[in-house]
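Please look over the sequence and the coordinates before reading on.

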Amino acid sequence: MNIIQILFWFLSVLAIFSALMVITSKNPIYSVLWLIATFFAISGHYIMLNAQFLAIVNIIVYAGAIMVLFLFVIMLMNLNKETEPQKSRWLKIAGALAGGCLLLVLVAALKSSVTKEQFATVNEGSIGLIKNLGKELFTTYVVPFEISSVLFLSAMVGAVVIGKKE
Amino acid sequence: MPIFSYIVLSIALFSIGIVGVLTRRNAIIIFMSIELMLNAVNLMLVAFSKMHQNAAILAGDLSGTAGMDGQLFVFFIMVVAAAEVSVGLAIIVMMYRNIHSVDVNFLNRLKH
């Protein structure tokens with residue numbers, strides 16, 4: 001078992017454990033903090049796959065901006081108390097069963113479609129570097145890039161319109 | 001790493017997100033579960049892009065740009081997720097202002 005496998009298992013266990021804590025925590029603040037831990041584990045996976053640009057963007061955008069927005073909203077509504085109404089136990093069991101069935105079906109369906117020789121190269125390759133990605137983004141994908149700026153503008157206008165008092 | 005390890009990891013994260021949506025009643029936690037599912041898909045796309053690059057190099061294509069599209073898709077998914085979160089949280093704040101709760105069970109009617 002070399003260092004790459006040890007890192008992979010460590011990050012995977014960290015990601016799955018913190019994802020489970022996100023959906024089982026009673027207090028929404030703890031859920032946000034565990035979700036940040038999940039995002040850091042996923043960023044670790046990106047760094048292992050040599051996708052440095054996406055790892056940094058993941059930390060800046062998700063763990064930095066989006067999660068701070070969640071924290072602000074939770075604190076604004078004063079929801080950091082453990083009085084959330086719970087679903088009935090049968091609904092919880094049914095939900096967990098449904099998710100488990102999805103996991104089982106997807107893994108079983110994809111198990112036969114991949115061969116043992118298909119590897120994701122770890123710690124090599126240059127397609128994840130910001131130089132190559134930036135070149136591709138501003139040549140081939142320049143139209144979607146500009147459209148996404150319009151999307152951001154409309155999201156900003158929409159958030160302000162929805163949020164203002166009438 | 002074998003690609004199947006990444007497939008299983010992503011499916012596990014995605015299923016945890018599904019279970020979160022199905023079992024919780026707090027709208028903010030449901031929203032966070034959706035973010036978790038988006039991140040599972042992102043991880044899968046990056047792993048597949050590295051697998052595609054590996055296959056292209058083995059097939060003799062040494063230009064080194066194969067598989068770059070997957071990572072750009074991940075970038076665009078992040079852009080759309082950021083826009084989605086800003087609008088979604090504004091909707092949740094408005095809902096809290098109107099019915100003083102973020103419980104999704106109170107939202108089973110479109111008017112009140």
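**Helices, interface and core**

Helix 2 of chain B is made up of 32 residues and reaches 47 Å from its first C-alpha to its last, close to the 46 Å expected at 1.5 Å a residue. After this helix comes B:Gly60, with a positive phi near 105 degrees. Helix 2 of chain A has 21 residues, and its span from first C-alpha to last is 30 Å, close to the 30 Å expected at 1.5 Å a residue. Just after helix 2 of chain A, a positive phi of about 60 degrees is found at A:Asn50.

The model is predicted, and its confidence scores belong at the start of any reading. The scores for the model are ipTM 0.90 and pTM 0.90. Chain A has an average pLDDT of 87, with 93% of the residues scoring at least 70. Among the elements of chain A, the lowest mean pLDDT, 88, belongs to helix 5 (residues 130–137), and the highest, 93, to helix 2. For chain B the mean pLDDT is 87, and 95% of its residues reach 70 or more. Among the elements of chain B, helix 1 has the highest mean pLDDT (92) and helix 3 the lowest (89). Where pLDDT is low, predicted coordinates should not be read in detail.

How many residues of chain B are in contact with chain A? There are 62 of them, and they meet 70 residues of chain A. On the chain B side, the elements that give two or more residues are helix 1 (3–23), helix 2 (27–58) and helix 3 (68–99). Helix 3 of chain B supplies the largest share of that side, with 20 residues. By type, the residues on the side of chain B that touches chain A divide into 42 nonpolar, 15 polar and five charged.

The largest nonpolar core has 60 residues, of which A:Leu54, B:Tyr6, B:Leu13, B:Ile28 and B:Ala47 touch the most other members. The elements giving two or more residues to this core are helix 1 (3–24), helix 2 (28–48) and helix 3 (52–77) of chain A, together with helix 1, helix 2 and helix 3 of chain B. The most comes from helix 2 of chain B, which gives 13 residues.

Five residues from domain 1 of chain A and four residues from domain 2 of chain A take part in the contact. On the side of domain 1 of chain A that touches domain 2 of chain A, two residues are nonpolar, three are polar and no residue is charged.

Leaving aside neighbours within four places in sequence, A:His45 is in contact with A:Leu11 and B:Leu43. A:His45 and A:Lys92 are 47 residues apart in sequence and 31 Å apart in space, C-alpha to C-alpha.

A:Asn50 is in the loop between helix 2 and helix 3 of chain A. Its phi, near 60 degrees, is a positive value in a residue other than glycine. Most residues other than glycine have a negative phi. With 19 C-beta neighbours inside 10 Å, A:Asn50 counts as partly exposed, since a buried residue needs 20 or more.

A:Ile56 is placed in helix 3 of chain A and counts as partly exposed, with 14 C-beta neighbours inside 10 Å. A:Ile56 and A:Ser43 are 13 residues apart in sequence, and their C-alpha atoms are 7.4 Å apart in space. A:Met1, in the segment before helix 1 of chain A, is exposed because 6 other C-beta atoms lie within 10 Å, and the cut-off for an exposed residue is 12 or fewer. A:Met1 and A:Leu97 are 96 residues apart in sequence and 34 Å apart in space, C-alpha to C-alpha.

Conventions:
Residues numbered from 1 in each chain as written. Chains lettered and ligands numbered in written order. Predicted model: local features only at pLDDT ≥ 70, side-chain atom pairs only at ≥ 80, totals over all residues. Contact = placed C-beta atoms within 7 Å. Helix = DSSP H or I, 4+ residues; strand = E, 2+ residues; numbered from the N terminus. Nonpolar A, V, L, I, M, F, W, Y, C, P; charged D, E, K, R; others polar. Core = buried A, V, L, I, M, F, W, Y, C linked by C-beta atoms within 7 Å. Expected span 1.5 Å × (residues − 1). pLDDT = per-residue confidence, 0-100.
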